[in-house]
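User: Can you walk me through this fold? I'd like to go question by question.

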Amino acid sequence: MAGLEGRVAFITGAGRGQGRAHAVRLAREGVDIIGIDICADIDSMTYPNATEADLAETAELVAAQGRKMVARKADVRDYHGLRAAFEAGYEEFGRVDIVIANAGIIRMGTESADFLADWKDVIDTNLSGVYHTVRAALPELRAGGRGGSIVITSSTAGLKASPSVLASGNAYAAAKRGVVGLMQGLAGYLAPEWIRVNTIHPTGVASGMTQNDAMRALMEQAAAGGQNSISGMQNALPIPMLEVEDVANAVAYLVSDEAKFITGIEWPLDAGFMVR
């Protein structure tokens, strides 16, 4: 991809899944990485998050591409902790060119006993956490005077919400739609500085969020004709889910100079999900 050699990317949720794929794909293009992950479970969720060992493995995979990753444990819900983690990477590399706000969660299955916690944890991670991510890196991104690219991971749910009355599912769709508004405001304001801001909207992706016991139970229920949060969800193309590398390849293009004219868009990476 044109123009990526020597750049630095700040990536959240880098311990596994899409975040790891972004880190490795960009490292292959000559990008150094500031990568963070919560490396801890969240009580309201029904599947495990990445671990510190997972984050360390991402750093090793980046090193195998000949680049360096500053890996830090941080929670996107905690702005000051996130800012400190970013500063550690910025001190190492002295620049930042790309921000990928990727960290996100959802509760699979029924609500917990505390539905307000289900709502709050998703909003705090998927919406406020995206805002924290951008604000943590934006001063240095702007000060560099070289332009840059911010990519926010939304979802097809940010374009078309699935029917649900569950707190976590409602919060997920609201947050994924909310980051579109955040993107549009930033894109318009930062365009004169050649800082591009876009959202991506993947369909289902094979990752820790979808490859777990809670999701398998939902898939089995849906396959048996039951109604749940994933019933009726189907891509137009004959592919059940994307691989993380599919998303990473698209993002590598989006942050490269080959996409230097693209800003303010909602890009469906959806295998035709939105046309069904």
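**A residue and its sheet**

User: Leaving aside neighbours within four places in sequence, which residues is Thr 203 in contact with?
Analyst: Keep in mind that this is a predicted model. Once the neighbours within four places in sequence are set aside, the contacts of Thr 203 are Thr 156, Asn 235, Leu 242, Leu 269, Asp 270, Ala 271 and Phe 273.

User: Is Thr 203 buried or exposed?
Analyst: Thr 203 sits in the loop that links strand E6 (195–202) with helix H6 (213–223). Its relative accessible area is 10%, and the cut-off is under 20%. So Thr 203 counts as buried.

User: Which are the edge strands of the seven-stranded open sheet?
Analyst: The order runs E3-E2-E1-E4-E5-E6-E7, with parallel pairing. The strands that pair on one side only are the edges: E3 (69–73) and E7 (266–269).

User: By how much are neighbouring strands of this sheet turned against each other on average?
Analyst: Ignore direction here, and take the average over neighbouring strands. That gives 15°.

User: What stands opposite Phe 10 in E2?
Analyst: Strand E1 (residues 8–12) runs parallel to strand E2 (residues 32–37), and five bridges join them. Opposite Phe 10, E2 has Ile 34.

User: At about what angle does helix H3 run to E2?
Analyst: For context, helix H1 (residues 17–28) lies across E1, E2, E4, E5 and E6, at about 170° to E1. Helix H3 (residues 79–93) lies across E1, E2 and E3. Its angle to E2 is about 160°.

Key: Residues are numbered from 1 along each chain as its sequence is written. This is a predicted model: local features need pLDDT of at least 70, side-chain atom pairs count only at pLDDT 80 or more; totals for chains, interfaces and linings use all residues. Side-chain values use heavy atoms; hydrogens and water are left out. Helices (H or I, at least four residues) and strands (E, at least two) are DSSP runs, numbered from the N terminus. Buried means under 20% relative accessible area, exposed over 50%, partly exposed in between (1.4 Å probe, protein chains only). Contact means heavy atoms within 4.5 Å. Two strands pair if DSSP finds at least two bridges between them. Axes are lines fitted to C-alpha atoms, for helices over the stretch in contact, and angles run from 0 to 180 degrees between N-to-C directions.
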